Structure formats: structure tokens, C-alpha cells
Amino acid sequence: MASAGDKPVMLVGIDDSEHSLYALDWTIDHFFAPFSHCPPFKLVVLHAKPSPSTMAGFSGPASAAVITIIDADLKISAARIGDKAKEICSRRSVEDAMVEFVEGDARQVLCDSVEKHHASVLVVGSHGYGTIKRAVLGSVSDYCAHHAQCSVMIVKKPKNMH
Amino acid sequence: MILVRRSCNLPQRLNDTNMDLTTPPAAADVPGGEGAEESTVAGMAKQQPVSEMRKMEMMVAVDDSEGSFYALGWALDHLFRGRTLEENDRLGRVTAVHVQEPFQHYLFPAGPGGTAFYASSAVIESVKKAQEENSAIILSRALQMCREKMVKAQTLIMTGDPKDMICRATEEMHVDLLVIGSRGLGKIKRAFLGSVSDYCAHHSKCPVLIVKPPKEVDKQA
């Protein structure tokens, strides 16, 4: 896949959480909306779809039926997230935003996509977990900050927002 | 003890006293600080006239390392695309901050026996002076870079542990974006993060942009 013309690519990773949609919102607000005709970046929104086998892993010997159901469910939620993202982009009149879905583990998917698109910035939201939760649950933003090959912007949702 | 000195080329009041953590931010003219949060949630008008856009208050942490200057340059290039001072001024404002490590004066051996005692005041003075000069050089280089890219900037010197000081400064000044290099003075592989940027990524309340150094091998498609 060729990268966009001569504009640097800004890759925004989103999942189902409010934090990542806030991150997308914030990014568009600060980097795309003020430059209504000529934004400095090309926006690519990426959603990492978890693969059905990882979700079904804990349910014991997963039968084919279970996996199909989970798969359908994941497709629906991915489509929903994609729609929300497209809606946010069009509401702010970001014209040539690309929305992508890739299956796999979010951390790896984001870092690989940075390579694929030759992105200059990767934007991720952050759940704002403390040190312990972060170690146990794992943090995508943390992994990306360490391992992505490009600059990383971590956008946090302020706690006092409603 | 924290000493804050602010010198800038914008008309701002100079504050030479210890920073009081409850004072409101000095920049009264930045509408973006709190207002930004609410308005991003509400729907925005399709076409925003440029004069109404809030300014982005950006803070860049600089030190002796090349990485931090690369971060400053990167941020200026990508975020301030205007061709004149006025255009860039409308987009936002940059604060370059340098944090000095506190001088550990009790570690200095003052006598021939090599035992550690309190350093004489002359030594303390000269080290302080050297630190001041060092900060001045770093910050003037940062200001010079901003001037070349036609961006108005102000500078801030703080003393203390860099991680804490930077995070505190972003809160107090209601900064919209903190820009920081990925590794400071320790040269490790590109995949890892320096301690200050790592700390700020986790603990700062505002968005953080970690700028990584360019790849050594040019990988064009």
C-alpha cells in the first residue's frame, strides 16, 4: 500500500473505549480542524479487531459454532466503532480520513501499521491505569510508546469530564 | 526548594519568587486551557473561522541532549505550518522548559583527607553559576530554533527532579500538549524510552507527544 502523497501520516488507534474516541476527537480538534483546507497530516484511523480465537480461549474446547457466534459479534462491534469514527471525522469535515480494521492483538497491529503506512505519528488514548493495573492488564499505549518506530502521542481524557 | 525564573520575548510578568502552587496560570489570554475540554465533546460548527480557534499551548522539555532539540524541531515543523509569525501565533504558543538537577552540595569533599563535608560557599556559587550558564545556553538555542521557524516562544527554568517538575509545570500552566524527546543522555536502542519521557507518559495529565529520533537507515518505500 502506498502512503499518501507527500503528507505525513497520522495514525490513530481506537478501540471501544471512550478514551480512544476522546483521543480521536482531540486529535482532530487540534491537528485537523484548525487547518480546514489543508491539514498538515493525513489521518488514518485504525481499529484492531481481536481475533475470535483469543476471545474464545477461556471457554474450554471451543466448538466451531461458538467461534462463529463470537466472530459475528466482533464484526458487529468493529463496524460500530468504525461508524463512530467515520461520524466524528465527517462532523469535523476531515475529508480524506481512512478507517481501517486489522485483526490481531492491538499492540502488534498498531506497531505493524506504523511500518506499513510509514506513519510519522501514532496517536493512542490511555485508560490512565495505575502501575499495578497496567502491569496486570497490559497497556497498549505503554507498549506503543516503547516500541513504535515513530513518534507517539498519548492523549489522556481529563478525569473531570462528563 | 523550587526556583522558577521565566524569561520570554512576549510581554509577560517576570516571576522570580518561589512558585506558589495555587496561583492561576500567568497567561490569562489563552482561552484553550479549560474550555478546550468541553467544546470537543459538543458538536462543532462545520466551518470554523480561524480567528475563533483556540490556541494550542505547547510545552517542550529541553536539556543537553540532541534528542530533545530534535523533538523541538519536529514539533515546530509539523505543528506550526504557517509562514509568518502572526499565522503561527494564532495556532499556538510554545514554552521551552529546562529543568536543572539540584546541586548536591553535601557530596563535595572539601579537605585533603577526602572526607565529605559541606562545600564552601565559593564552590556552591560557582556550580550554581555554571548551571545557570548551561541553562541559558540550552534555552537560547531553543529560542533561536523557534525564531527561525517563526514561532513565538517563552522559556522556563526549574530546579528539581525533571520528571516531577515537568509534570507539575504542565498542570500549572494548563498545557495542551507536552512534547518530549524519547531518550535523553543515555544512548540505548531506539525501542526503549528514557526515564523522564516514560514517567511523563504515565503521569502527566495532559496529552504527551514523545518524539523518537529519526531512523539511521533510510527506509523509503
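**Terms and the values behind them**

Reply: In α4(A) of this predicted model, the buried residues are A:Val109, A:Leu110, A:Cys111, A:Ser113, A:Val114 and A:His117. These residues pack against β1 (9–14), β2 (42–49), β3 (98–103), β4 (121–126) and α6 (140–147) of chain A.

Me: What span does helix α4 of chain A reach, and what is expected for its 12 residues?

Reply: Helix α4 (residues 106–117) of chain A reaches 16 Å from its first C-alpha to its last, which is close to the expected 16 Å at 1.5 Å a residue. Just after α4(A), A:His118 takes a positive phi of about 50°.

Me: Why is α1(A) called roughly parallel to α3(A)?

Reply: Helix α1 (residues 18–32) and helix α3 (residues 64–91) of chain A pack at an angle of about 20°, their axes lying 10 Å apart. Angles under 35 degrees count as roughly parallel, and the pair is therefore described in that way.

Me: Which residues of α1(A) and α3(A) meet?

Reply: From α1(A), A:Leu21, A:Leu24, A:Asp25 and A:Ile28 meet A:Lys84, A:Ala85, A:Ile88 and A:Cys89 of α3(A). The residues of this contact comprise six nonpolar, no polar and two charged.

Me: Why does B:Ser204 count as buried?

Reply: The relative accessibility of B:Ser204 is 2%. Buried means under 20%, so B:Ser204 counts as buried. B:Ser204 is found in the loop between α6 (195–203) and β6 (208–211) of chain B. Beyond its neighbours within four places in sequence, B:Ser204 is in contact with A:Lys156, B:Cys167 and B:Tyr199.

Conventions. Residues numbered from 1 in each chain as written. Chains lettered and ligands numbered in written order. Predicted model: local features only at pLDDT ≥ 70, side-chain atom pairs only at ≥ 80, totals over all residues. Heavy atoms only, no water. Axes fitted to C-alpha atoms, helices over the stretch in contact; angles between N-to-C directions. Helix = DSSP H or I, 4+ residues; strand = E, 2+ residues; numbered from the N terminus. Parallel < 35°, antiparallel > 145°, perpendicular 65-115°, else oblique. Contact = heavy atoms within 4.5 Å. Nonpolar A, V, L, I, M, F, W, Y, C, P; charged D, E, K, R; others polar. Expected span 1.5 Å × (residues − 1). Buried < 20%, exposed > 50% of the residue type's maximum accessible area, 1.4 Å probe, protein only.
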